[in-house]
Amino acid sequence: MRNDQQERTFRRDPGKLLSSAVMLFYFSAFLLLWLKDFAWQAAALAVAVPAMIWLGVNFLPHLFPADKLLLSLTNFLCALGVLVLYATNPAYAYQQAVYYGVGLVAMVVCIYLVRIIRHWRIPVYLLMPVSLALLALPLIIGRETNGAKNWFYVGSLSVQPSEIVKLSLLLIISHFMSRRKFLPWLIFAVGCLGLLMLQKDLGTALMYYGVTLMLYYASSSNLLLTGIGLAGGAGAAVLGYKMFAHVKRRVAIWQNPWSDYDNAGYQLVQGLMAIASGGLFGVGLGLGSPRTIPVYHTDFIFAVICEQFGVIFGLCVLLMYVAIIWRGATTAMAARTSFHGLLAMGATLMIGLQTFVIIGGVIKLIPLTGVTMPFVSYGGTSLVSSMCLIGLLQGVASLNEDDLNEDTRLAMLGSEEGMR
Amino acid sequence: MPENVYEIVSLGMRYWFAFLGLLIVWRAFSWLRKDRRAKHRRLKHLPDAGMIGEMVVLQGSDELPEGTVIPVPRAGVLGFVRTCDVVVPVDGVAARHVDFVFQDGKGLLLFPLHKQRCIVDDTELTHRSKTKKFPMCHGSRLQVGDAVLRLRLFAGLDTEYRPTYAPYQPEQSWWPEQYPEENQPAPWQNSPYVYQQPANPWQQEEQPFYEEQPQEESWLNPPVYQPWQPPQQQDVFPPAQPRQQTRRRRRYHEE
């Protein structure tokens, strides 16, 4: 039997309705796809995905003080990737569902790492050479895909090391910036950017550069050096434009995709047409022709979402990213140590910048660069690293909650002492 | 299911998905708003949340009078602009003067920024000093520019034990075996004016039969000569240097 206070708390729990709506969404969506061809896989996913969401949102907070809102939104976006991939190409969806499970485990590991490790000096010094070596691997054993050489293959498994290294970049930069050491993080960031430029992975280089610069400004408030860094970045962008032919082509296509709509601009034109054909409410789940868009499952998955569910739903997805960024910024501001604050801010910036770069590219706001849409795009490394970013954020949020609870306890102890 | 039937069902369901998407977004933002309010409400009852102590102004300025208490967070910047975590609007303090961070087991570590200096318990620190050897503990004194601040840490914080600054006061010996002849005389005992014999604790004072009432001064009761006592040593700091009003200072006033 619950008492009145517990009853009110139970009724007012804002997570209940949200997680129920998320589970209902996926249950009905997979049920609809099951009606299409009565495939047992769709029925299994209609049960498994809501169950996974329920497990992620309601079970994890029993282990540590987790942020349920972040969990709900992250799970929604991950499951949205599985749903859209199932509607377009079920083979991708099964793999993505497996990566989703792996990502949940990786997220829990990251949360525990942030909670347990208090002194990051030795791990950070170990991470620096390992990360640089990992980033250099595609140059040695990688294969060139779409103009960039940023993948290497282990058997049938393809790995994108820049997705893994971005976690260590955040840890290293946050550690050294919080210790007011300028040189180590600068050397590491410049090394990473150099290797990414050699791989011609300009989208990821842009993210690394942007996050490093913004974190530097957040930690030091030094407008002059930040401005100099920004000017250096602009110079590097111009240099990249002059040096790389595929960058020139992408900028030209961004300016007018219709000039070469059946060749270089085909992808962007198909994406824009898919968004336009979706209208406000979409063409319906499982309908339309999303597979006409090249790389619909990674870079252009936002166009597929807009086509299937409509622009209103696409805006809802964007607002979910905004909510995650808002929550991340709040967590960073509430952190008690500068390391945790910078770590949370870096994770938030990384997710925000990646989302802006890819969605801006798809809707022709900025030139298209080859990065994935966090949580949604197909790709094991991308999904797991995005979940790890959320894990870092969750770890800081849970530490904040612990500190606040400790403050409350001390305040209550103090008031009791005062009463005596 | 036949394709045309599926198409109708799917077209109908898209409104349901749009509704659920809007519901999820609405709930997420209302959750954010509620959490923000709840946090404000909670922090209202915890004014010291996130703070490790406070700085008491011993010597300040018109804008920062003596006795003012400034809360100190776990990490931040001390300077005279309002964006700093600890704002000290006193002459000689730079816009961003010194970074600080509290380290468990050590104390409040200070990192003076480029070309800035500060004095912690009579030890001068610059951006080149090994500042981690001189953490501020409870009672430590910090001198930045013309301001002098004393740190008070909250109870329960783990810091390195270090004797904090206190003025020298000679101890009065009371043990009967130690007679003043055996001890070195205190500085004030070398005074040419008076030599005071410390009281012998074994000598029992006579109890007065009645308590003497203080009497007003008059020609019948002339004032009793009081021997000169040396003034008790106080915290003495270098005098404030007159400083020209720079552009930065004017900017602070404008803000």
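The two chains meet in a contact that takes 34 residues from chain B and 39 residues from chain A. H1(B) gives the most, with 24 residues. By class, the side of chain B that touches chain A divides into 23 nonpolar, five polar and six charged residues. Please keep in mind that this is a predicted model.

**Chain B**

The domain assignment of chain B gives domain 1 (1–46) and domain 2 (54–163). Taken over C-alpha atoms, the centres of these two domains of chain B are separated by 48 Å. Buried residues make up 22% of the 255 residues in chain B. Of the contacts in chain B with a separation of 6 or more, 48% are between residues 24 or more positions apart.

**Chain A**

Chain A has 16 helices and three strands. Its C-alpha atoms fill a box of roughly 80 × 60 × 40 Å along the principal axes. How does the radius of gyration of chain A fit a compact globule of 420 residues? Such a globule would have a value near 22 Å, and chain A has 22 Å, which agrees. Buried residues account for 49% of the 420 residues in chain A. Residues 24 or more positions apart make up 68% of the contacts in chain A with a separation of 6 or more.

Two packed helices are described by the angle between their axes and the distance between the axes. Helix H15 (residues 338–362) of chain A packs with helix H7 (residues 161–178) of chain A, and H15(A) also packs with helix H9 (residues 202–220) of chain A. The values are set out here.

| Helix pair | Angle | Axis distance |
|---|---|---|
| H7(A) and H15(A) | about 145° | 8 Å |
| H9(A) and H15(A) | about 145° | 9 Å |

The crossing of H7(A) and H15(A) is right-handed. On H7(A), the contact includes A:Lys166, A:Leu170, A:Leu171 and A:Ile173, while H15(A) brings residues including A:Phe339, A:Leu343 and A:Ala347. The residues of this contact of H7(A) with H15(A) divide into nine nonpolar, five polar and one charged.

The crossing of H9(A) and H15(A) is right-handed as well. Here H9(A) contributes residues including A:Gly203, A:Leu206, A:Met207 and A:Gly210, and among those from H15(A) are A:Met345, A:Leu349, A:Leu353 and A:Val357. The contact of H9(A) with H15(A) has 12 nonpolar, six polar and no charged residues.

A few residues of H15(A) turn up in both contacts. A:Ser338, A:Leu342, A:Gly346 and A:Met350 are listed in the contact with H7(A), and A:Ser338, A:Leu342, A:Gly346 and A:Met350 are listed in the contact with H9(A) too.

**Loop residues of chain A**

Most residues other than glycine have a negative phi. A:Phe38 has a positive phi, near 55°, and is found in the loop between helix H2 (14–37) and helix H3 (40–59) of chain A. Is A:Phe38 buried or exposed? A:Phe38 counts as exposed because it has 9 C-beta neighbours inside 10 Å, and the limit for exposed is 12 or fewer.

A:Lys364 also has a positive phi, near 65°. This lysine lies in the loop between H15 and helix H16 (380–419) of chain A. With 17 other C-beta atoms within 10 Å, A:Lys364 is partly exposed.

The loop between H15 and H16 of chain A is also the place of A:Met373. A:Met373 has 27 C-beta neighbours inside 10 Å and therefore counts as buried, the threshold being 20 or more. Which residues does A:Met373 touch, not counting those up to four places away in sequence? They are A:Ile301, A:Phe302, A:Thr355, A:Ile358 and A:Ile359. As for A:Leu70, 303 residues from A:Met373 along the chain, the two C-alpha atoms are separated by 17 Å.

Conventions: Residues are numbered from 1 along each chain as its sequence is written. Chains are lettered from A and ligands numbered from 1 in the order in which they are written. This is a predicted model: local features need pLDDT of at least 70, side-chain atom pairs count only at pLDDT 80 or more; totals for chains, interfaces and linings use all residues. Domain bounds come from an automatic or database domain assignment. Helices (H or I, at least four residues) and strands (E, at least two) are DSSP runs, numbered from the N terminus. The radius of gyration is taken over C-alpha atoms; the globule rule is 2.2 Å times the number of residues to the power 0.38. Two residues are in contact if their C-beta atoms, placed from the backbone, lie within 7 Å. Axes are lines fitted to C-alpha atoms, for helices over the stretch in contact, and angles run from 0 to 180 degrees between N-to-C directions. A crossing is left-handed if the near helix is turned anticlockwise from the far one by less than a right angle, and right-handed if clockwise. Ala, Val, Leu, Ile, Met, Phe, Trp, Tyr, Cys and Pro count as nonpolar, Asp, Glu, Lys and Arg as charged, and the others, Gly among them, as polar.
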